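Please read it alongside the sequence and the coordinates.

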Amino acid sequence: EAYKKYNLKEKITQILNDYNLQKVAIQSEIFGPNVQKRDYSLTEREIRVFHIVSNNNKFPMDKVVEICEKYDIPHVPIIDDNYILPNTLEELQSYVEGEMSRIDGKEKEGIVFYDKETGQQYFKFVSPNFLMKYHG
């Protein structure tokens, strides 16, 4: 469904050619109606890219954003690319729950934290309030 909706065959071919790559993988999440309990107020499903990988190397997030924007492929929202982790879980939870989703302005599931340079995922902090509301 997403492959067709976002014309990914053509876009992946363009990425391979434009960046002189032999292979590439675009990893994304699909969300919206009939995916999970949280439908993000959407009437049809959408994707957000969170990794682009070539030859087992993850691209840094700034490169993921650059490629996605160049080829009109939706990527995950970047909240803060210079964030410094706090000293306590309470502070981290407050940060995660302190802002609404950039997709629909309602409660967000959580935040994924990445290494800015390597694109390596550190961890995902899921809001306990979100878990109780949608999975409790």
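Helices (H or I, at least four residues) and strands (E, at least two) are taken here as DSSP runs and are numbered from the N terminus. This is a predicted model, in which local features need pLDDT of at least 70 and side-chain atom pairs count only at pLDDT 80 or more, whereas totals for chains, interfaces and linings use all residues. Residues are numbered from 1 along each chain as its sequence is written, and side-chain values use heavy atoms, with hydrogens and water left out.

**Overall picture**

The protein chain contains five helices and five strands, and from the N terminus on these elements follow the order α-α-β-β-β-α-α-β-β-α. Its C-alpha trace spans about 45 × 35 × 20 Å along the principal axes. Of the 136 residues in the protein chain, 33% are buried, where buried means under 20% relative accessible area, exposed over 50%, and partly exposed in between (1.4 Å probe, protein chains only). Taking a contact as heavy atoms within 4.5 Å, residues 24 or more positions apart account for 49% of the contacts with a separation of 6 or more.

The protein chain exposes about 8,700 Å², and carbon and sulfur atoms supply 48% of that area; accessible areas come from the Shrake-Rupley method with a 1.4 Å probe, and for residues only the protein chains shown count as cover. There are 18 positive and 22 negative side chains, with the centres of the two sets 6 Å apart. In this count Lys and Arg are positive and Asp and Glu negative, while His and the chain ends are not counted; each charge is placed at NZ of Lys, CZ of Arg, CG of Asp or CD of Glu.

Two strands are said to pair if DSSP finds at least two bridges between them. On that basis three strands form an open sheet in the order E1-E2-E3, with antiparallel pairing. Strand E1 (25–31) and strand E3 (57–58) are the edge strands, each pairing on one side only. Eight of the nine residues of E2 are buried, so this strand is largely enclosed by the rest of the structure. On the E3 side, Val 53 stands opposite Lys 58. E2 and E3 form a hairpin with two residues between them, and Asn 55 in the turn has a positive phi of about 50°.

| Antiparallel pair | Bridges |
|---|---|
| E1 and E2 (residues 46–54) | Seven bridges |
| E2 and E3 | Two bridges |
| E4 and E5 (residues 121–126) | Five bridges |

Which residues of helix H2 are buried? In H2 (residues 8–18) they are Leu 8, Lys 11 and Ile 15. Seen down the axis of H2, these residues fall within an arc of 65°, so they line one face of the helix; the arc is that of the directions from the helix axis to the C-beta atoms. An α-helix has 3.6 residues a turn, so residues three or four places apart point the same way. Lys 9 and Asn 17 are exposed on the other side of H2, while its buried residues pack against helix H1 (2–5), E1, E2 and helix H3 (61–70). Asn 20, which follows H2, has a positive phi near 50°.

In H3 the buried residues are Met 61, Val 64, Val 65, Ile 67 and Cys 68. They cover an arc of only 170° around the axis, which puts them on the same side of H3. The face turned away from that buried side carries the exposed residues Asp 62 and Glu 69. The buried residues of H3 pack against H2, E2 and E4. H3 is followed by Asp 72, whose phi is positive, near 55°.

**The E4–E5 hairpin**

E4 and E5 form a hairpin with six residues between them, and in its turn Gly 119 has a positive phi of about 80°. Gly 110 lies in strand E4 (residues 110–114), and its bridge partner in E5 is Val 126. When neighbours within four places in sequence are left aside, Gly 110 is in contact with Val 96, Phe 125, Val 126 and Ser 127. Gly 110 and Leu 131, which are 21 residues apart in sequence, are separated by 9.6 Å from C-alpha to C-alpha.
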